[in-house]
Amino acid sequence: MPIDLQATFEKFEDDYLKFDLVQNKMHDRPDICAFLLLDKLLPHKGRDIVCASEHDEFYLDADIEKLAEVATEEDILTLARCGVRLCSDTDSLAMFA
């Protein structure tokens, strides 16, 4: 059963950008750690993970419906701690630069 991404990201708002709390880091850099986790969950061979940018924000190439089907709450917690947020205006994942 898919998780509710909006509710799960909201649940972990207090963990946003707390990379030091990430268990089993895939990389020592928060952005790369998030990219590696997303690639593991939603592999897209031959495509860039950053698909758009605007001002000081960039958007990630991740199908949020598919993400809801495969991600666990722990995955979303890790993404939040890496600085990934769910942008409800665009129904996409985003990070600040």
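## Helix 2

Helix 2 covers residues 30–41, and at 1.5 Å a residue its 12 residues should span 16 Å; the end C-alpha atoms lie 17 Å apart, which agrees. The buried residues of this helix are Cys33, Ala34, Leu37, Leu38 and Leu41. Viewed down the helix axis, these buried residues fall within an arc of 130°, so they line one face of helix 2. An α-helix has 3.6 residues a turn, so residues three or four places apart point the same way.

## Confidence

The model is predicted. Mean pLDDT for the protein chain is 94, and 100% of its residues reach 70 or more. Among the elements of the chain, helix 4 has the highest mean pLDDT, at 98, while strand 1 (residues 50–54) has the lowest, at 86.

Four strands form an open sheet with the order 1-2-4-3 and antiparallel pairing. Strand 1 and strand 3 (85–87) stand at the edges with a single partner strand each, so one side of each has no neighbour in the sheet. From one strand to the next, the twist averages 40°.

## Strand 2 and its partners

Strand 2 pairs with strand 1 in the antiparallel sense, over 4 bridges. Strand 2 is also joined to strand 4 by 4 bridges, and these two strands run antiparallel as well. Leu60 of strand 2 takes part on both sides: Leu60 is the bridge partner of Val50, and Leu60 stands opposite Leu93 in strand 4.

The hairpin of strand 1 and strand 2 has 2 residues between the strands, and in this hairpin His55 takes a positive phi near 55°.

In a regular strand the side chains alternate between the two faces of the sheet. Both faces of strand 2 are covered: Glu57 and Tyr59 are buried on one side, and Phe58 and Leu60 are buried on the other.

Key
Residues are numbered from 1 along each chain as its sequence is written. This is a predicted model: local features need pLDDT of at least 70, side-chain atom pairs count only at pLDDT 80 or more; totals for chains, interfaces and linings use all residues. Side-chain values use heavy atoms; hydrogens and water are left out. The expected span of a helix is 1.5 Å times one less than its number of residues. Buried means under 20% relative accessible area, exposed over 50%, partly exposed in between (1.4 Å probe, protein chains only). The arc is that of the directions from the helix axis to the C-beta atoms. pLDDT is the predictor's confidence in each residue, from 0 to 100. Two strands pair if DSSP finds at least two bridges between them. Axes are lines fitted to C-alpha atoms, for helices over the stretch in contact, and angles run from 0 to 180 degrees between N-to-C directions.
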